[in-house]
Amino acid sequence: MLKILKYSCYDLLRSRWSYVYFAFYLMLGTVLLFLNNDLSKAVITLMNVIIVLVPLIGTIFGVMYYYNSKEFTELLLAQPVKRSSIFLGQYLGVALSLTLSLVVGLGLPFAFYGIFNSAAMSEFTLLLVTGAFLTLIFTALAYNIALSNENKIKGFGYAILLWLFMAVIYDGVFLMSLIAFEEYPLDKFSLIATMANPIDLSRVLILLKLDISALLGYTGAVFQKFFGTNFGIVISSIMLVIWVLVPTYFIYRKAKKKDF
Amino acid sequence: MIQIKNLYKKFGKNQVLQGVDLDIETGGIFAVLGPNGSGKTTLIKCILGMVIPDSGTININDYPIGKSEEYRRNIDYLPQIANFPSNLSVEELINMIKDLRVIKTAKDKELIEVFKLAPYLKKKLGNLSGGTKQKVNIVLAFMSDSPLLILDEPTSGLDPISLLRLKELINSEKEKGKTILITSHIMSFVEQVTNDIVFILEGKIYFKGSISELKSKTGQEDFEHAIASILQKSYA
């Protein structure tokens, strides 16, 4: 699998898109820092951007890479290489190169600004870790979609819908149901609903760490009350790991049965 | 060498393979023939493990496939359509396959010489013409010297001189005692390289034997007409 990972990364690092993505984060980081002049405020703004944008990029790149590397995959399938290594290697190749663009792109301006000596260092690290998780989760989901759809247009469509649902519609439905059922105890429901969406989960995780109660919102407050700040962070991190493992397992299972 | 028993495969509603039974002995060239959509490529892809059959078994050297991917180390495959990752160069691709298959004594150098590919080595695969891609394809398939060679439409896009070289190459591999499976629609090419054919029709083995047997079975004087007469019967 490491060989496949190596060649996928190699292939991706030569493609223009990784650099565009990298340059975008570099610019975003720089602009935010020089406009805000305050590290912890820049981290909050960055959180709002990362939480929406990283899943989008992960989904689109995942789907795009799968369809673009179809020939490569077919070539590999005739070689003495395990199927699961081919697909997991490619998936990790995309996810890791995206993570690299994110971490290096944002890390550089913040490092120059002196994040290492500031109080916001742990928040910033958590932000990057969450970004990495979101990349892994959404690329895996996108890979699942691409594996189950031969038709590119359909695959892209479903991928965009998935992102739209998770990033926008989910919260709307969630809030509406909170209003509709306000007479009932909703603590457990909102806990589960938050855990069922990796984007919400990441937001709560970062806000718990930042300890800004004004931004926590209802779910964040419930999280904090239910688990306390530290345990809440542990629980949401575990949930994020599960969110990576489950779709990855499905990639493994689907890849075993697919015809080429 | 290869034993296929009762192989079935369905794509959606399309039943492609309907109980294929086939034994391929070690050594020699076998042409797998059949009309478009008869299941030739599907059968080959089943042997390679790229398509997973609904039922039936395939044994290679008395070892069932599907348990491990190691058996593919003994198979060289030339795919029908030469699709390669477009931002790799020819040289990089050759080195990558060598690395993945862990080939120690690759004969890529002499094959590059035979097909005059040296000027293209540094070029990106996406910028090559169809025929040049097919030559690269041939180099990749022949370089690792495996005992079983599967060639799916090896002649597509080749110029006459390369075609000649390919025939020589196939014959020299046969001399070494390899087993070679070829699919092709060009009957004259098939007739030149082999005498043993397997004819697939509607997902079943319709005929297996020599060309002369086929001629006497169909009562036709030449090979091309013999094949055409089978097809006409099946369409009628």
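Colleague: Which side chains meet in the salt bridge with an N to O distance of 3.5 Å?

Modeller: Side chains of opposite charge can pair when their charged atoms come close. In this predicted model, A:Lys3 and B:Asp99 form such a salt bridge, with 3.5 Å from N to O. The pair crosses between chains: A:Lys3 belongs to helix α1 of chain A, and B:Asp99 to helix α2 (residues 90-101) of chain B.

Colleague: How many salt bridges does a search of the whole structure find?

Modeller: Over all chains, the search finds 20 salt bridges.

Colleague: Let us turn to the sheets. What is the strand order in the open sheet of 4 strands in chain B, and how are the strands paired?

Modeller: The order is β2-β1-β4-β5, and the pairing is antiparallel. At the edges stand β2 (14-24) and β5 (63-64) of chain B; each has a single partner strand, so one side of each is left without a neighbour in the sheet. Helix α1 (residues 40-48) of chain B packs on this sheet, where it touches β1, β2 and β4 (55-60) of chain B, and its direction makes about 115 degrees with that of β1(B).

Colleague: How many bridges join β1 to β2 in chain B, and which residue stands opposite B:Leu7?

Modeller: Strand β1 (residues 2-11) of chain B is joined to β2(B) by 8 bridges, and the two run antiparallel. Opposite B:Leu7 stands B:Val20 in β2(B), while B:Lys9 has B:Leu17 of β2(B) as its bridge partner. The hairpin of these two strands has 2 residues between them, and there B:Gly12 takes a positive phi near 60 degrees.

Colleague: Do β1 and β4 of chain B run parallel or antiparallel?

Modeller: They run antiparallel, and 5 bridges join β1(B) to β4(B). In this pairing, B:Tyr8 stands opposite B:Ser55 of β4(B).

Colleague: What is the strand order in the open sheet of 6 strands?

Modeller: In chain B that order is β6-β7-β8-β3-β9-β10, with mixed pairing. The edge strands, each pairing on one side only, are β6 (75-78) and β10 (204-210) of chain B. From one strand to the next, the twist averages 15 degrees.

Colleague: Which way do β7 and β8 of chain B run, parallel or antiparallel?

Modeller: Strand β7 (residues 148-152) and strand β8 (residues 179-183) of chain B run parallel and are joined by 5 bridges. Within that pairing, B:Leu149 has B:Ile180 in β8(B) as its bridge partner.

Colleague: Which strands does helix α7 of chain B lie across?

Modeller: Helix α7 (residues 211-218) of chain B lies across β9 (196-201) and β10 of chain B, and runs at about 115 degrees to β10(B).

Colleague: Which residues of chain A form a nonpolar patch on the surface?

Modeller: The patch is formed by A:Leu13, A:Tyr19, A:Leu100, A:Val103, A:Val104, A:Leu108 and A:Phe112, which together have about 670 Å² of accessible area. Helix α5 (residues 83-113) of chain A gives the most to the patch, with 5 residues. A:Leu13 lies in helix α1 (residues 2-13) of chain A.

How values were computed: Residues are numbered from 1 along each chain as its sequence is written. Chains are lettered from A and ligands numbered from 1 in the order in which they are written. This is a predicted model: local features need pLDDT of at least 70, side-chain atom pairs count only at pLDDT 80 or more; totals for chains, interfaces and linings use all residues. Side-chain values use heavy atoms; hydrogens and water are left out. Two strands pair if DSSP finds at least two bridges between them. Axes are lines fitted to C-alpha atoms, for helices over the stretch in contact, and angles run from 0 to 180 degrees between N-to-C directions. Contact means heavy atoms within 4.5 Å. Patches are made of residues with over 30% relative accessible area and no salt bridge: like charges are joined within 9 Å, nonpolar side chains (Val, Leu, Ile, Met, Phe, Trp, Tyr) within 5 Å. Accessible areas come from the Shrake-Rupley method with a 1.4 Å probe; for residues, only the protein chains shown count as cover. A salt bridge is a side-chain nitrogen of Lys or Arg within 4 Å of a carboxyl oxygen of Asp or Glu.
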